[in-house]
Amino acid sequence: TGDPFHFMKIYQMQLGRHLAPPWEGFWNSWRGNFESIPRNSLYIWGLNLGYFFLASVTVIAIGLRLRLSYAVYALLVWVLVFCLNFWISVPRHLMVCFPFLLMTAVWVKERPILRKTLIFTGMFLYVLGLIQFSRGWWGN
């Protein structure tokens, strides 16, 4: 108690994760695309790599277009997510970063086609997840 980084000790003990430079996590995720089970490699590791680039661009855009406090918060979340020896559940960790959602709102306000694409994609993924859940495939 009293240690704000106690969760890192739990990560180290249970998952083998520890603080590391972002290029180490990038390299481990890149290798994961080619060395893990083929059925899962692109989905798990490729998704993490894609979100790394998307989050990096978004943090820069937040710094240029939104308040400084939002940019600092987004950068701290970026550091906590990507400065680990390997990345796992990157999209889930980035969802709590509300400046990313604010920046997405700014982008879609300026581009109506992007807004329609995001709405359609979100609805499609929602229905796909609902089908998986209803057939009992959600955790598999």
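**Entry 1: Glu110 and its partners**

I began with Glu110 and Arg65, whose side chains meet in a salt bridge at 2.4 Å, N to O. I looked up where the two sit. Glu110 lies in helix α6 and Arg65 in helix α3, so the pair ties together parts that are 45 residues apart in sequence. I keep in mind that this is a predicted model.

How exposed is Glu110? Its relative accessibility is 42%, so I noted Glu110 as partly exposed. Arg65 is partly exposed too, with a relative accessible area of 42%.

I then followed Glu110 to Arg111. Their side chains also meet in a salt bridge, at 3.3 Å, N to O. Arg111 is partly exposed, at 38% relative accessibility. I therefore logged Arg65, Glu110 and Arg111 as one entry, because Glu110 and Arg65 join α6 to α3; the three residues are linked in a network of salt bridges.

**Entry 2: the other salt bridge**

How many salt bridges does the structure hold? I have 3 on record. Lys9 counts as partly exposed at 46% relative accessibility. Asp3 is partly exposed as well, with a relative accessible area of 32%.

**Entry 3: helix α4**

I checked the length of α4, residues 68-82. At 1.5 Å a residue, its 15 residues should span 21 Å. The end C-alpha atoms are 21 Å apart, which agrees.

Next I asked which residues of α4 are buried. I listed Ala71, Ala74, Val77, Trp78, Val81 and Phe82. Seen down the helix axis, the buried residues of α4 fall within an arc of 125°, so they line one face. On the other side of α4, I found Leu68 and Leu76 exposed.

**Entry 4: Asn85**

I moved on to the loop between α4 and α5, where Asn85 is found. Is Asn85 buried or exposed? Asn85 is buried, because its relative accessible area is 9%, and the cut-off for buried is under 20%.

I then looked up what Asn85 touches, leaving out residues up to four places away in sequence. The contacts are Gly16, Arg17, His18, Ala20, Glu24, Gly25 and Asn28.

**Entry 5: Thr58**

I went back to helix α3, residues 38-65, which holds Thr58. Thr58 is buried, with a relative accessible area of 5%. What does Thr58 touch, not counting residues up to four places away in sequence? I wrote down Phe100, Met103 and Trp107.

**Entry 6: a nonpolar patch**

Last, I turned to the surface. Tyr73, Val96, Phe98 and Leu102 form a nonpolar patch there. Together they have about 340 Å² of accessible area.

Where is Val96 found? I placed Val96 in the loop between α5 (90-94) and α6 (98-110). Val96 counts as exposed because its relative accessibility is 57%, and the cut-off for exposed is over 50%.

Notes: Residues are numbered from 1 along each chain as its sequence is written. This is a predicted model: local features need pLDDT of at least 70, side-chain atom pairs count only at pLDDT 80 or more; totals for chains, interfaces and linings use all residues. Side-chain values use heavy atoms; hydrogens and water are left out. Patches are made of residues with over 30% relative accessible area and no salt bridge: like charges are joined within 9 Å, nonpolar side chains (Val, Leu, Ile, Met, Phe, Trp, Tyr) within 5 Å. Accessible areas come from the Shrake-Rupley method with a 1.4 Å probe; for residues, only the protein chains shown count as cover. A salt bridge is a side-chain nitrogen of Lys or Arg within 4 Å of a carboxyl oxygen of Asp or Glu. Helices (H or I, at least four residues) and strands (E, at least two) are DSSP runs, numbered from the N terminus. Buried means under 20% relative accessible area, exposed over 50%, partly exposed in between (1.4 Å probe, protein chains only). The expected span of a helix is 1.5 Å times one less than its number of residues. The arc is that of the directions from the helix axis to the C-beta atoms. Contact means heavy atoms within 4.5 Å.
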